[in-house]
Amino acid sequence: MRRNDTTDKLIQTFTRLPKVHKLAIASVTLLVAAALMMPKEHQPVPLVLDPPLVQPAAQDADTSPGEEAPVATAEDAAKAGIALPDIEYQIRPGDTLSDIFNHLGVGQSAMYQVLESDQEILALDTLQPGDTLRFWLGGDSGTELEKLELRFNLAHQVIFSRVDDSHFEFQKVDIPGTWQSEPLSGEINGSFYVSAQKAGLSDAEIARIAALFKDKLNFARDLRAGDRFQVVRQSQFVDGQATGDTELDAIRIFNRDKVLTAYLFSDGSYYDKDGDSLARAFLRFPTARHYRISSPFDPHRHHPVTGRYAPHNGTDFACPSGTAVLATADGVVTRVTNHPYAGKYIVIQHGGKYLSRYLHLSKSLVHKGQIVSRGQKIALSGATGRVTGPHLHYELHINGHPVNPMTAKIPMAASVDSKDRPAFMAEVKKLEAQMDNAS
Ligand SMILES: [Zn+2]
């Protein structure tokens with residue numbers, strides 16, 4: 001239930017082949033999300049535009065002590081060999097990427113070059129108010145974009161760096177940090193939502209709990225005043241500061257005479273105390289028929305012409321436009337949007353660990369926030385965005401990283417494997433004790 005991946009940093013680099021492109025008026029709107037699924041604890045902060053927050057070659061690090069130091073002083077950065085950004089901008093509700101680039105005097109062509117590099121990770125589309133953009137400028141004019149960093153929080157950043165006149169490559173930086181565990185508990189008094197909030201759970205965590213038990217409990221009808229619930233939550237810290245990333249390791253709901261349980265096992269799935277899965281399985285293919293794979297998942301792909309590193313983060317199926325696209329597992333639609341290169345695409349979150357993406361669609365049949373079930377028709381395939389022909393690009397992400405959807409280990413089993421049972425039972429016992437002691 002700890003994060004197993006102790007990799008220091010995951011670095012993914014990506015560039016793309018040049019291609020003169022009709023940059024259709026793409027309105028890249030930076031969502032003003034009610035953000036049920038992806039909580040951000042940030043408080044929107046007024047934007048800092050001019051003068052730039054930090055001068056590139058800052059002389060004295062005489063930041064006034066009363067102000068919140070952004071990240072590090074120029075001196076710290078210089079020592080570490082890191083240049084501080086020329087501009088730091090915190091996204092506000094209603095901002096669009098295009099407006100931000102215009103306002104900061106960073107050209108639209110640079111924006112499209114960044115967008116082109118972004119098409120394999122689509123990080124820009126996940127920006128939310130409160131996230132920070134950091135710009136490094138250079139070139140002859142001193143206004144050319146050299147580097148753009150998206151800071152989602154202390155632990156998650158994506159960095160776009162210029163490689164030549166017309167291309168950027170990206171790096172995804174994930175800092176594992178440390179995880180601290182704490183028990184929370186509460187009693188139902190009013191709605192589950194209000195009671196859980198009072199116990200200290202976030203909207204996203206409450207939604208996660210509701211989704212986990214949705215087949216077993218009607219939260220509006222079944223819960224009674226006086227019913228109790230307990231949770232063991234892990235929170236991530238980087239340099240002693242909470243990043244806002246959390247994980248629920250255990251949940252117990254005492255509903256009249258029955259007890260509902262959910263324990264997160266090391267395989268990333270939730271099981272009840274007897275080891276039976278709470279989640280339903282995945283489909284391997286996002287279409288009813290199995291179409292030919294026109295381009296396989298390939299994290300190490302090099303472009304045949306440029307030789308550049310250009311990972312292909314999904315599987316392309318050669319299906320004709322208008323083919324029914326199916327949700328591969330139960331989940332919540334977190335995004336339905338248009339991208340100049342990825343085309344019309346849909347993102348579905350399946351619990352905390354899994355995410356799927358469907359690109360180049362001609363038509364979406366779902367809306368953001370909609371709960372979908374495995375096998376549900378969510379869209380029609382197409383050829384939108386930058387494509388050479390109609391196909392469906394399907395991605396599966398596990399813990400934030402793209403995996404090969406055709407071979408990835410995805411939950412198919414209905415219960416904890418017998419060989420893993422002793423380990424699971426030991427973990428359940430430990431978490432039960434943590435909850436017992438807290439109540
Ligand atoms: Zn593809």
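Q: What places Asp 417 in a loop of this predicted model?
A: Asp 417 lies between strand E20 (401-403) and helix H6 (421-438). The loop joins these two elements.

Q: Why is Asp 417 called partly exposed?
A: Its relative accessible area is 40%. Buried means under 20% and exposed means over 50%. Asp 417 falls in between, so it is partly exposed.

Q: How far apart are Asp 417 and Gly 275 in sequence and in space?
A: They are 142 residues apart in sequence. From C-alpha to C-alpha, the distance is 8.5 Å.

Q: Why is Asp 131 called buried?
A: The relative accessible area of Asp 131 is 0%. The cut-off for buried is under 20%, so Asp 131 qualifies. Asp 131 lies in the loop between helix H3 (108-118) and strand E2 (132-138).

Q: What makes the approach of the Asp 131 side chain to Gln 128 a polar contact?
A: The side chain reaches the backbone nitrogen of Gln 128 at 2.8 Å. The limit for a polar contact is 3.5 Å, so this pair is within it.

Q: What makes His 312, Asp 316 and His 393 donor residues of the zinc ion?
A: The zinc ion is coordinated by His 312 (NE2), Asp 316 (OD), Asp 316 (OD) and His 393 (ND1). These atoms lie at 2.0 to 2.7 Å. Donors must be within 2.8 Å, so these atoms count.

Q: Why is the zinc site called irregular?
A: The angles among its four donor atoms run from 52 to 147°. A tetrahedral site needs all angles between 85 and 135 degrees.

Q: Which parts of the chain does the pair His 312 and His 393 tie together?
A: His 312 lies in the loop between strand E11 (293-295) and strand E12 (315-317). His 393 is in strand E19 (residues 392-398). The pair therefore ties together parts that are 81 residues apart in sequence. Both histidines are buried.

Q: How do you know that helix H5 is largely enclosed?
A: Seven of the ten residues of H5 (residues 203-212) are buried, so the rest of the structure largely encloses this helix. Among the buried residues are Glu 205, Arg 208 and Leu 212. The cover includes helix H4 (192-198) and strands E7 (228-238), E8 (241-255), E9 (258-264) and E10 (270-271).

Key: Residues numbered from 1 in each chain as written. Predicted model: local features only at pLDDT ≥ 70, side-chain atom pairs only at ≥ 80, totals over all residues. Heavy atoms only, no water. Helix = DSSP H or I, 4+ residues; strand = E, 2+ residues; numbered from the N terminus. Buried < 20%, exposed > 50% of the residue type's maximum accessible area, 1.4 Å probe, protein only. Donors = N, O, S within 2.8 Å, 3.2 Å for Na, K, Ca; no water. Tetrahedral: all angles 85-135°; square planar, octahedral: opposite > 155°, others 65-115°. Polar contact = N/O pair within 3.5 Å; in protein donor to acceptor, adjacent residues only side chain to side chain. Contact = heavy atoms within 4.5 Å.
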